[in-house]
Structure formats: C-alpha cells, structure tokens
Amino acid sequence: MAVEVTMPQMGESVVEGTVTKWLVKAGESVREDQPLCEISTDKVDTEIPSPGTGVIARLVANEGQTLPIGALLAVIETAAEAPGPAKPARAPAAAAKATTPAPIARVAAEALPAVSPVPLRVAPTGAPPRRYSPVVLRIAEDRGVDLNLVPGTGIGGRVSKRDVERYLEALERGQVHGPPHAEVIRPAAAGPIAPPAAAAPPAARVTPPGAAPAAGVVFRAPVYQPRDGDIVEPFTRRRKIIAEHMVYSKTHAPHVGTVAEVDLTKVMALREAHKDAFRNREGFALTLLPFAAMATVRALKEFRRMNASVAGDSVIIRKDINLGIAMDAEEGLVVPVIKGAEGLSVVGLAREIERLHRKVLEKSLTADDLSGGSFTLSNPGREGNLYGFAIINQPQVGILRMGEVKKRPVVIEVDGSDALAVRTMMYLALSYDHRVIDGVLGNRFLFRTSRILEEADFEL
C-alpha cells in the first residue's frame, strides 16, 4: 500500500514550506513517526514524521525546494505492498490539488484570504483572471515583466516571487523569449560606486521641488554599495517572508493607532503580594503579562468585533478567543497562540504563556502552536519602550502593544481634592484595521482594557 507524505499546514497564513534537509534516502526502511525531513517556513522550523511503517519508494521533493501546502514530498510503500516501478513525480501544483486531505485543504482555504493577492490585469479571453501578490507586482513593474507569460507553481497556479526570478534567469540565458519591453536588471556588484552617466535614466532623474513629475517617471530608492568595514548580512528565508507579510499588512490594512495611559498601581500590588507563593507553587515567576492577557480577553468578550478576521470582502467575527502572544525568537518574532483563552484564569494564562515561551527557547514550536490566532498581544520589554504601534498580524484586525512600566508623579483625586502621588504607570497602544474597526469601537475597546487592568479584579 502506498502512503503519500505531503507538505502540512504549518501556521495560519502559511501557504508554502521549504524542504531544508532529507533525513532518509530512497529504499530506506522507516518506522511510523520517524522524522523524514526538515521543513522551514516563515513561522516555524520542524521535522515531518513518517505517517506509517514501510520503505521509502521515492523522494519527490528536492532539498531547497519550496512547495505549497499539500504538495507531495515522498511516497512510502508499507509492508502490505512491495515497492514497484517509480511513478513519475507530479508537478507541485497538481500534487497539492490531488493529495491534500480535506482538513488541510480547508485550513489552507481559510488562510488564503489573509494573503489574498490583488489582480494585476485581465488574462486572455476565456481564461480566469490571474492574481498576484504585492511583491510579485513590484518586481514585475521594476523589471518590465509581463506576468501573463510567467508560469506559476503556487497553489492554483499562483505566481510566486521565485517563479518571477526563475523566469528572469531564463530570459537572461535566452531559454525563453519575453515581450519587447521585457528587461533583465542585474543586481549591482559590491564595489566602488561608478560615476554617473552623462544622461541619467528616467527613473533616476530627480524632479525639482514644486515641479510636476515627468510622465512615466517612477521613484526608485538608491542602492547602497558596501564599503570596507561594512557587514553584509543576507536575509534568511524566514526574514524575507516576515518582511513580505509585514509589507502586505501595512499596504492592505489601513492601520490606525491609539494610546491609553494605564495606572497599574493596584495590579502591581496584587502581583507583589502573591509572587512568592506563586513561584513556589508554579515554579516560574508571575509577571504582568498574564494580567494584561486577562484584561485583553475580558475586553474582547465585550467587544466581539475586535476578535475578528478579514476574509476577502467579508469580516468573520470569531466565536473562540485565541490570543496570540508575540515572542522573540532567534530568527525573528513568532506569535504562538493560546487556544480558548476565554476559558482560562490568570493562572491558566500564565501557565500557557510559560509553556509556549519554553517551546520558543527549545525551538520545539509546532504548526498547531502558531495557527488560529484571533487577536495578538505584544510585550516588547522594559528597556526604553515608552510605547509603540505594532503591525497587525493578518488576517486579524487588531494588536495591542504594552509599553514600559514606570513609577512617576500623577495627579489623582483624594476626598474630592486633587493630590500629587507616585503611581505605577504604563501606556497601552492599540493598532486596528480601519477597514473593519471604526475609531469609536477601537477607543472603547482600549478604554475598557485599561480600566480592567486598573481595577485589578483578578483571582490568583
């Protein structure tokens, strides 16, 4: 019996993964749950376990190859059927369609609206319109590529950045012929900056202040050439995709930011009174983060529209509150998710935060740890962080960012009179998607979250 190994869904909005290393060879015997290969995405690096016991009939994917969710990676022949002649490997796009189990296909379809590309142009008559991501559109515009001529290897024939790069390489080698306007622009080599030519190309000309830009002129940022002593640090694959996701979120979701000042005096006193007993009982420190998480969850219960996801031209107000907690990892920020946060106490939230943080440190996060978030809370730390606005984690509609906790003099009311007192203060900054959230709702949600923290009505 043939068992197919496919690219799994490894986090919300993740549509592809890269095979970084095979741990087995064709013809090798494997046991169920034995690691077969290492997979890398922008969210997590993990191993793919064997779905059964048998012999590796063939390895379909190559090391370094990036494939969509559901694509065929390998075929295992179980003991019930001896290996036969190797079947020809299917194209990644066809494999994804043919081998994706129903649950994976459903998750992938739900994740796609988060990274739904925008149409560039209408395809030839009789063909469905092709759609492209902002990164692909930008490369095509910069290099004069007709995307209708680029074959796509992504889900549903989607053209990826790598497809465009391969097409440009083929143009350069003369293996394909592009339209007359297609131009291959090679990256500049490191070294001394060449003197400017007598006549700069239109894209490099500078329009004088107050003058209207010439027709067809496109601004392109200058490229800095490395010099002696500079350190050139190439983006890792994960950093590239994180950058693409951040650009996508900023260009597609109109971000609005609002800040609230929060008096944490009561909640910090509550923490101080219970921190020793908590550490003795739980084995880790009680921080402010679980209290902020509880305040966020309670506010989300009252303002359900903040607990939503954008799906194309619709907004889905979600039933479950799955709170993402932004955490710093070696290769960049990750957002593990606390599932069903609305059913947890402060102590329960603290345990989940500690569990996920340990998995980040041990590099043992799974796809399930990173998927399904409905709202995100970020705590960048204490060092000089007064407040700041985070970028929304698509397809969510809001993210709350904690600021530095500081003691300072504040005017308060005592017995009907104003008095100056030293209080423990913090700023909370909310970024929200103005396509879905209006200013009144965003402000009310932030105000309510702040008041819950200030009242410190928590049980430990």
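**Strand E18 and its two neighbours**

Three bridges connect strand E17 (residues 375-378) with strand E18, and the two run parallel. Two strands count as paired if DSSP finds at least two bridges between them. The strands themselves are DSSP runs (E, at least two residues), as helices are (H or I, at least four residues), and both are numbered from the N terminus. The model is a predicted one, in which local features need pLDDT of at least 70 and side-chain atom pairs count only at pLDDT 80 or more, while totals for chains, interfaces and linings use all residues. Residues are numbered from 1 along each chain as its sequence is written, and side-chain values use heavy atoms, with hydrogens and water left out.

E20 (residues 417-433) pairs with E18 in the antiparallel sense, over five bridges.

How much of E18 is covered? Five of the five residues in this strand (398-402) are buried, that is, under 20% relative accessible area with a 1.4 Å probe, counting protein chains only (exposed is over 50%, partly exposed in between). In a regular strand, side chains alternate between the two faces of the sheet. In E18, Gly-398, Leu-400 and Met-402 point one way, Ile-399 and Arg-401 the other way, and all are buried.

Stepping back to the chain, its secondary structure comes to ten helices and 20 strands. Of its 460 residues, 42% count as buried.
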